[in-house]
Amino acid sequence: MTRFTLHLSVGGSLFSSAGHASEFKDVTAEGSTRGQSVRFTGITGGEHSGCFQPDAITIESLEGEVLRTWDNPSLAFPETGSPALADELHLVFFCGVAIWSYLTNPFLLAHPDVVTEELPPWRENADTWRRLRAQFPPNLITLAPEQIFYFDENALQRRTDHDLFGNKVRALFLGP
């Protein structure tokens, strides 16, 4: 697999607190499993596209005209007091990093520069999950440089823990 396409809607308190509750509803995301790249079509109520790449974030018209650019983006978001997703460029950056990371975890964890360590098993209700700590190199843009992945007895990813904007995050993955 070298490419992915998905239809999604993204929301939650992080989006609504920044005034972007409906910016990523009914969006198409297309990307590569080999390089960090995601193109979102239909953002901002279906009026624009956005592109995430490690060296630039763009907002474009649906016809492909570049309207805004953020060169050399980073997770250094606006000053304290401003919402983390202050504008559409930050929103595309955050969603690009998150979607790309979540969808490419099998490829990402096998990357030669990613350092992994198996941790002791974790009990979750009646289940026992295997845990893997991953440390990502600076050349890979991820939500956090260190993350802990949880896998069930079928080797399906169930959860990821990491820090985001100074907060502990637990991303849950629904199982069968």
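Salt bridges, to begin with: the count for this chain is 8, where a salt bridge is a side-chain nitrogen of Lys or Arg within 4 Å of a carboxyl oxygen of Asp or Glu. The model is predicted, so local features need pLDDT of at least 70 and side-chain atom pairs count only at pLDDT 80 or more, while totals for chains, interfaces and linings use all residues. Residues are numbered from 1 along each chain as its sequence is written, and side-chain values use heavy atoms, with hydrogens and water left out.

Take Arg 39 and Glu 60. Their closest N and O atoms are 2.3 Å apart, and the two form a salt bridge. Arg 39 belongs to strand 3 (residues 38-42) and Glu 60 to strand 5 (residues 56-61), so this pair ties together parts that are 21 residues apart in sequence. When I say strand or helix, I mean DSSP runs numbered from the N terminus: E with at least two residues for strands, H or I with at least four for helices.

Is Glu 60 buried or exposed? Glu 60 counts as buried, at 9% relative accessibility. Arg 39 is partly exposed, with a relative accessible area of 28%. The cut-offs are under 20% relative accessible area for buried, over 50% for exposed, and partly exposed in between, using a 1.4 Å probe and protein chains only.

Next, Arg 159. Arg 159 has a salt bridge to Glu 124, with 3.2 Å between the closest N and O atoms. Here strand 10 (residues 157-164) holds Arg 159 and strand 7 (residues 115-124) holds Glu 124, so the pair ties together parts 35 residues apart in sequence. Arg 159 is buried at 2% relative accessibility, and Glu 124 is partly exposed at 23%. Arg 159 also meets Asp 161 in a salt bridge, at 2.9 Å from N to O. Asp 161 is buried, with a relative accessible area of 15%. There is also a network: Glu 117, Arg 133 and Glu 146 are joined by salt bridges that share partners.

Back to strand 5, where Glu 60 sits. How many residues of strand 5 are buried? The figure is 6 of the 6, so the strand is largely enclosed by the rest of the structure. Ala 56, Thr 58 and Glu 60 point one way, Ile 57, Ile 59 and Ser 61 point the other way, and all are buried.

Now the neighbours of strand 5. Strand 4 (residues 48-53) runs antiparallel to strand 5, with 6 bridges joining them; two strands pair if DSSP finds at least two bridges between them. Glu 60 is the bridge partner of Ser 49.

Then the core. The largest nonpolar core has 35 residues, and Phe 24, Phe 40 and Val 92 touch the most other members. Such a core is a set of buried Ala, Val, Leu, Ile, Met, Phe, Trp, Tyr and Cys residues joined through side-chain atoms within 4.5 Å. Elements giving two or more residues to this core include strand 3, strand 5 and helix 4 (105-109). Helix 3 gives the most, with 10 residues. Leaving aside neighbours within four places in sequence, Phe 24 has contacts (heavy atoms within 4.5 Å) that include Phe 40, Leu 91, Val 92 and Cys 95.

Last, the whole chain. The chain has 4 helices and 11 strands, and 44% of its 176 residues count as buried.
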